[in-house]
Number of protein chains: 2
Amino acid sequence: MTRDLALLTDLYELTMAQSYFQHRRVESATFSLFIRSYPPDRGYFVSAGLDDVLTYLGDFGFEPSALEFLRGTGLFTESFLDFLAGLRFSGEVWAVPEGRLFFKDEPILEVTAPIIEAQVVETFIINQINLQSLIATKAARCVYAARGRAVVDFSLRRTHGIDAGMKVPRSSYLAGFAGTSNVLAGKRYGIPMVGTMAHSFVSSFDREIDAFRAFVASFPESSTLLIDTYDTIEGAQNAVKVGREMAARGQRLRGVRIDSGDLASLALEVRRILDLAGLHDVKIVASGGLDECDLESFSQRGIPYDSYGVGTRMGVSADAPWFDVAYKLVEYDDRPVLKLSTGKVSWPGKKQVFRVTDDRGRLVKDLIALRGERFSEAKPLLEKVMENGRIIGRRPSLRESRERFAEEFKCLDEAHKAIRSPSLYPVELSPELDSLRDSVGRQLQHAS
Amino acid sequence: MTRDLALLTDLYELTMAQSYFQHRRVESATFSLFIRSYPPDRGYFVSAGLDDVLTYLGDFGFEPSALEFLRGTGLFTESFLDFLAGLRFSGEVWAVPEGRLFFKDEPILEVTAPIIEAQVVETFIINQINLQSLIATKAARCVYAARGRAVVDFSLRRTHGIDAGMKVPRSSYLAGFAGTSNVLAGKRYGIPMVGTMAHSFVSSFDREIDAFRAFVASFPESSTLLIDTYDTIEGAQNAVKVGREMAARGQRLRGVRIDSGDLASLALEVRRILDLAGLHDVKIVASGGLDECDLESFSQRGIPYDSYGVGTRMGVSADAPWFDVAYKLVEYDDRPVLKLSTGKVSWPGKKQVFRVTDDRGRLVKDLIALRGERFSEAKPLLEKVMENGRIIGRRPSLRESRERFAEEFKCLDEAHKAIRSPSLYPVELSPELDSLRDSVGRQLQHAS
């Protein structure tokens, strides 16, 4: 796959590139990536995906087989194909580091490069930032709703394909998930892995308790028994038997999992059964179609779950499966530009976001400004991460970005983190940016 | 990626496997894949993803680096790791071929193999069949709603990652899409590619008409001008100028594209402008947040679009971003089994689906039966596609599956294809399956 990644693009990126090439339009362009609107019930975004974008840009190039394929389409000239053969990404990138909070309209990433280079990388950049920020944001909502209980990723079977299957555990771990069921994600990203048994294990035995005994014999230190294959209450009673047998051997049953039925009332009943048997330290895990709304409801009602396995609804961000991400030309040949299409207006020029915090570090407001502006009381959010096509600075580890997220998220007011109808975080435009936009808009209305 | 695909699984598949291994549970198991319910407004499903599943099963195996990683977790014994080192998929697979219609509760794929083999492949199989059938079904709805107008895939920037970026064009082409913007999908799958220019091309020039002239100079035979960067009506007038200049040179402007605003009223106005200028054969393409509901509305109102670029909402199946797919153990060691969890009841035994058609070939009803049953008036839907771990029979090409889908879809009643509130297609259980389920259910209630 990696070899051909330059072709993982929209055809129009290449037709536009050929037309730029033929008309000698080789000046520097700046494109700005931002999210135009909040999906329902979103009051913030979590930045993710930059690491993959930097790797892609650093490795960018067309393989001979890719060029051969393009030649066969009949759309491209030999001189343009020769040009593509030598094309590398030589530009500059400013970006919001992974794990930072950002808000509607704020640039997350700005690419400055000869226009062809900045154009042909559009599709991949949007694809990765959209997916990973989407999932990190959804996962942050789950972690917030769980109020300190561990949340783990069970989504691999229903993520949209293999790449999402890897990026979902990475993005959700970044946002505070405690682990993933995905073994390959454990290997590649060093994320803690979780998981013990499925219904099929139980139903392959003649009796549920036989399955439980077999499993704890294999994993005496780390068994979580799935108790809802037939009847959850009888399952809990079978787990109690096995738990007592283990205790008699000096072992400890780690937990039970409930995956169906009325999860709230079952947890109360199962906790009672376990406690009556003296199995106070056996944890109860919930799974089965959960999302942040369920978790919040359980938290508010004190339902005695110790942790949650969250799958499909987080892994596809089911209530909002995409962000309205745009990658817009904002400057060409030192001339600020914008687009006036209905509902899709953009801001011209290279930009920076400045974040104002109070003396306790709490987020107060953001300011979108031109990149050259300075505000003594605010810290810039975008960092220069690539120069002359080379990654600069140290790339933070996933764990570092995860810690940074946890720190900053604590400093965002509860009102913006509400699961339903969060209040809008204040984002202002600098007066300079505002007046630039007005003047560019007026020029365009005369020119068109 | 491919090398490590055996690790792209849930950890519990491997912990269960070790417990099966330690308890010498090596008998043959059959797992059945099916969809438990229709998402809102779905009345049928389109089968897709089998080709990738067969490749995966045929290549299945753990690399030394994968085993090394598993050893490092401390969860697995040396004898189990030795066993994994030699593990291949040696089983049998029956499946609904790609591009066939199927319905709720019907088995799409059944795997029979020693239980460890049949278990550890679960996650990947669900992942691929879920994604590809999800998108093929969503795309079929778009094609149906477009009523003969071409629909093309513009979703790559917002699909969930790279793999979905490839599987979405494949699945939507299978379901009747005319092409994709994704160049790599064009290369890998031979799908026609489409796309010309974006707003950034227009805004990089001082005047819109300069951008149009530059582009048609590069692509005199295949230019579709994007006319909504500033003002769509002025954009149409600029396109008319360029179209006339081309006509004077003996060339023909292929089309214009509208990506924002009130797409219905703009199409009427732009068509009028083009026709007044004698540019009757210049096509109008719509894009910008479209889904099957928009397409149906345009079809019903006779809005003069010639084709549609459908992006995000199709590429993430926005109104229903996952199916409730399950892969359930239905037989172990020749004993039919089932699960009784609340809301998640399954059917025991190896099965077949029989499709009854009338004398004109129209679909009348389906019958879910045990695999050994025969019905003279109905044709079986599942085919044996793998035996002893080897693919058997010829794998149909994507184009063949696409044609088969188009043929069968014509034979499904309009009532089941309705975009809103389709009527349920009749699916019955054979009396033999029904009575097996009752008897297995009764046994389980005694055993638990």
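Into which domains is chain A divided? In this predicted model, for which local features need pLDDT of at least 70, side-chain atom pairs count only at pLDDT 80 or more, and totals for chains, interfaces and linings use all residues, chain A is divided into domain 1 (2-135 + 320-447) and domain 2 (139-315), the bounds coming from an automatic or database domain assignment. Residues are numbered from 1 along each chain as its sequence is written, while chains are lettered from A and ligands numbered from 1 in the order in which they are written.

The C-alpha centres of domain 1 of chain A and domain 2 of chain A lie 38 Å apart. The contact between these domains takes 15 residues from domain 1 of chain A and 19 residues from domain 2 of chain A, two residues being in contact if their C-beta atoms, placed from the backbone, lie within 7 Å. On the side of domain 1 of chain A that touches domain 2 of chain A, the elements that give two or more residues are α6 (122-146) and α15 (398-410) of chain A, where helices (H or I, at least four residues) and strands (E, at least two) are DSSP runs, numbered from the N terminus. The largest share of this side, 6 residues, comes from α15(A). By class, the side of domain 1 of chain A that touches domain 2 of chain A has 9 nonpolar, 3 polar and 3 charged residues; Ala, Val, Leu, Ile, Met, Phe, Trp, Tyr, Cys and Pro count as nonpolar, Asp, Glu, Lys and Arg as charged, and the others, Gly among them, as polar.

In chain A, 6 strands form an open sheet with parallel pairing, in the order β7-β6-β11-β10-β9-β8, two strands being paired if DSSP finds at least two bridges between them. Because β7 (179-180) and β8 (224-226) of chain A stand at the edges, each with a single partner strand, one side of each is left without a neighbour in the sheet. Strand β6 (residues 150-153) of chain A pairs with β7(A) in the parallel sense over 2 bridges, and A:Gly179 in β7(A) is the bridge partner of A:Val152.

Chain B can be laid on chain A with an RMSD of 0.0 Å by a turn of 180 degrees and a shift of 0.0 Å along the axis, with copies superposed by least squares on the C-alpha atoms of residues with pLDDT of at least 70 in both. That is the relation of a two-fold axis. Between the chains, 85 residues of chain B are in contact with 85 residues of chain A. Helix α1 (residues 11-22) of chain B, with 8 residues, gives the most to the side of chain B that touches chain A, and by class this side has 36 nonpolar, 31 polar and 18 charged residues. Of the interface residues of chain B, 100% are also interface residues in chain A, so the copies meet through the same surface.
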